[in-house]
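Please read this briefing alongside the sequence and the coordinates, and check each point against the view on your screen. The points are grouped by topic so that each can be examined on its own.

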Amino acid sequence: MNIKELDKKYVASTYGRFDIEIVKGKGSLVYDENGKEYIDLTSGIGVNIFGVCDDKICEAIENQAKTLTHISNLFYTKPCVELAQMLCEKTGMSKVFFSNSGAEANECAIKIARKYAQSKKGEEYFNIITLENSFHGRTLTTLAATGQESFHTLYTPLTDGFVSTKANDLDAFIKLAESTKCAGIMLETVQGEGGVNVLDFDFVKGVEKYAKENDIILIIDEVQTGNGRTGKLYSYMNYGITPDVVSTAKGLAGGLPLGATLMSQKVKDVFNFGDHGSTFGGNPICCASALSVLSRIDDNLLQDVNKKSEYIFSELENAEGVESISGKGLMLGIKAKQDAKRTIKRLQEKGVLCLSAKDKVRLLPPLNIEFSLLQKAVEIIKETLKEEL
Ligand SMILES: *Cc1c(COP(=O)(O)O)cnc(C)c1O
């Protein structure tokens, strides 16, 4: 049996995989089982922010793998501490908890909000407000946090204490918050899986103001938007707000599994010994990789992200077959006249890999994609979107 047949036989059928086996890659180019080359505008769903097998990341991983692979959080280890320090210095946050994924980073954020509110206001203050069309992960708690009904039906009962409200409707949010005993509010400033929806500036500012005035923990989910993706180190920085908790994962370690929950001064000591933990979280190899990634997300790189973003907007905004384009930085959604799934399939045939998000074609290219490759991919996208159906 070939790989595809073996996969169908032995791997849980939770993924509707594309009919492509990727065998290797370098930077923004990946190759399938027949040697066909693709320009990768998926970054492994926003993970490979410096592309596949980046030299500096590989070197950091290799060096750490030869020094110390894993030892557990019972001991001090240098990459973990250095990464926490770098995250705090670059964001102004005060402490970090490390885990292995976005869902876990959000679970940690939710625990912080609950513990803070319950010890300060009373045990009935456990509710978290999230937004409709959000996505916060696949655990039973983060599914409950995800404001999309379709995610709520399979595994009931989900964790109690989550309510969602319409994005960009500040009055509705305040009305809900007034009638809910709230521990926290959690949101993505650009909703990824929900369709690449950029939240309005005034809404985010208004939510921050309300949260501060009412001592409600403001959690920003930067799992997808974080680590340079939207043209700032973290997307909340586009709004000039100061969150209480920031969760991130995906691009953080540039290809290895690592989640981080950043805590502000206000909540940095909410956790005491034994309150939370993770066996793999803060693993030396993942942290060494993240140190390499984070040290390279500087003003130059972010400027370049914004330049590439402007280029894509200007090329596609008024292109034939395009209804609208949304997003920020290199996190973009194209609403086309054609069906998104069909467009993605056609693009694969022509050697360009893209994602979908609801009814949009979603682009999450590596942040350092060569401009010439980006140009080539954009030309192919334009040509495909104007094809006759
Ligand atoms: C992907 C994603 C998650 C879940 O991350 P996992 O690593 O798959 O657990 C959570 N929040 C957002 C915004 C995401 O995009």
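What follows is a short account of selected local features.

The model is a predicted one.

**Cavity**

- The structure holds one cavity of 30 Å³ or more, and the space within the largest cavity comes to about 50 Å³.
- The lining of the largest cavity is drawn from His 70, Ile 71, Ser 72, Asn 73 and Thr 77, together with Thr 279, Phe 280, Gly 281, Gly 282, Asn 283 and Pro 284.
- Rolling a probe the size of a water molecule over the atoms shows where empty space is left.

- Ile 185 belongs to strand E7, which covers residues 182–187, and Ile 185 is classed as buried because its relative accessible area is 1%, where the cut-off is under 20%.
- Leaving aside residues up to four places away in sequence, Ile 185 touches Ile 129, Phe 173, Val 207, Ala 211, Ile 216, Ile 217, Leu 218 and Ile 219.

**Aromatic rings**

- The count of aromatic pairs comes to five.
- In the pair formed by Phe 201 and Tyr 239, the ring centres lie 6.0 Å apart and the planes meet at 15°, so the pair is stacked.
- Because Phe 201 lies in helix H8 (residues 201–213) while Tyr 239 lies in the loop between strand E10 (217–221) and strand E11 (245–248), the pair ties together parts that are 38 residues apart in sequence.
- Phe 201 is partly exposed, at a relative accessible area of 42%, whereas Tyr 239 counts as buried at 5% relative accessibility.
- Charged side chains also sit over rings: the charged end of Lys 24 is over the ring of Tyr 31, at 5.5 Å from its centre, and Arg 296 lies over the face of Phe 50, at 4.0 Å from the ring centre.

**Backbone geometry**

- Most residues other than glycine have a negative phi, and most peptide bonds are trans.
- The peptide bond that leads from Thr 156 to Pro 157 is cis, with omega near -5°, and Pro 157 is found in the loop between helix H6 (140–145) and strand E6 (162–165).
- Ser 72, which is not a glycine, has a positive phi of about 95°; Ser 72 lies in the loop between helix H3 (55–67) and helix H4 (78–91), is partly exposed with a relative accessible area of 21%, and is one of the residues that line the largest cavity.
- Asn 133, likewise not a glycine, has a positive phi of about 70°; Asn 133 is located in the loop between strand E5 (127–131) and H6, and counts as partly exposed at 31% relative accessibility.

How values were computed:
Residues are numbered from 1 along each chain as its sequence is written. This is a predicted model: local features need pLDDT of at least 70, side-chain atom pairs count only at pLDDT 80 or more; totals for chains, interfaces and linings use all residues. Side-chain values use heavy atoms; hydrogens and water are left out. On a 1 Å grid over the protein atoms alone, a cavity is a set of points where a 1.4 Å probe fits but cannot get out, and a pocket is an open set with protein on both sides within 12 Å along at least five of seven lines; lining residues have an atom within 4 Å of a point. Grid points are joined across faces, edges and corners, and a volume is the space filled by probe spheres set on the points. Helices (H or I, at least four residues) and strands (E, at least two) are DSSP runs, numbered from the N terminus. Buried means under 20% relative accessible area, exposed over 50%, partly exposed in between (1.4 Å probe, protein chains only). Contact means heavy atoms within 4.5 Å. Rings of Phe, Tyr and Trp (its six-membered ring) pair if their centres lie within 6.5 Å; planes under 30 degrees apart count as stacked, over 60 as edge-to-face and the rest as tilted. A charge sits over a ring if NZ of Lys or CZ of Arg is within 6 Å of the ring centre and within 35 degrees of the ring normal.
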